[in-house]
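The following exercises concern the protein chain shown below.

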Amino acid sequence: MTTARILLVEDDQRLAHLTAEYLQRNDFEVSIEGRGDTAEARILAENPDLVVLDIMLPGKDGFEVCR
């Protein structure tokens, strides 16, 4: 069984690291991106199984990234 890969897009570094730590303890592979304007390229490059996307992000909001 392969480990599910998650891209966590969150600009609050403390929250992002706490969330990533929790997910990693539950056998997920987690990458963190802190900006909306660079999240799209990471999503396309990494092709994660799941994207957890904050709405209020610097550069581009989460709604724009989702579209």
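**Exercise 1.** Determine how many helices and strands the protein chain has, and in what order the elements run.

*Solution.* Step 1: helices (H or I, at least four residues) and strands (E, at least two) are DSSP runs, numbered from the N terminus. Step 2: by this criterion the protein chain has three helices and three strands. Step 3: read from the N terminus, the order is β-α-β-α-β-α. Step 4: the radius of gyration, taken over C-alpha atoms, is compared with the globule rule, 2.2 Å times the number of residues to the power 0.38. The protein chain has a radius of gyration of 11 Å, close to the 11 Å that the rule gives for 67 residues, so it is as compact as a globular protein of that length.

The model is predicted: local features need pLDDT of at least 70 and side-chain atom pairs count only at pLDDT 80 or more, while totals for chains, interfaces and linings use all residues. Residues are numbered from 1 along each chain as its sequence is written, and side-chain values use heavy atoms, with hydrogens and water left out.

**Exercise 2.** State what share of the 67 residues is buried, and explain why strand 1 is described as largely enclosed.

*Solution.* Step 1: buried means under 20% relative accessible area, exposed over 50%, and partly exposed in between (1.4 Å probe, protein chains only). Step 2: buried residues amount to 25% of the 67 in the protein chain. Step 3: in strand 1 (residues 5-9), four of the five residues are buried, so the rest of the structure largely encloses this strand.

**Exercise 3.** Identify the sense in which strand 1 and strand 2 pair, and the residue that Val9 stands opposite.

*Solution.* Step 1: two strands pair if DSSP finds at least two bridges between them. Step 2: strand 1 and strand 2 (residues 29-33) are joined by five bridges in the parallel sense. Step 3: within strand 2, Glu33 is the residue opposite Val9.

**Exercise 4.** Describe the phi angle, location and exposure of Asp27, and then of Asn47.

*Solution.* Step 1: Asp27 has a phi near 70°, a positive value in a residue other than glycine. Asp27 belongs to the loop between helix 1 (13-25) and strand 2, and its relative accessibility of 62% makes it exposed. Step 2: Asn47, also not a glycine, has a positive phi near 50°. The loop between helix 2 (36-46) and strand 3 (50-53) holds Asn47, which is exposed at 54% relative accessible area.
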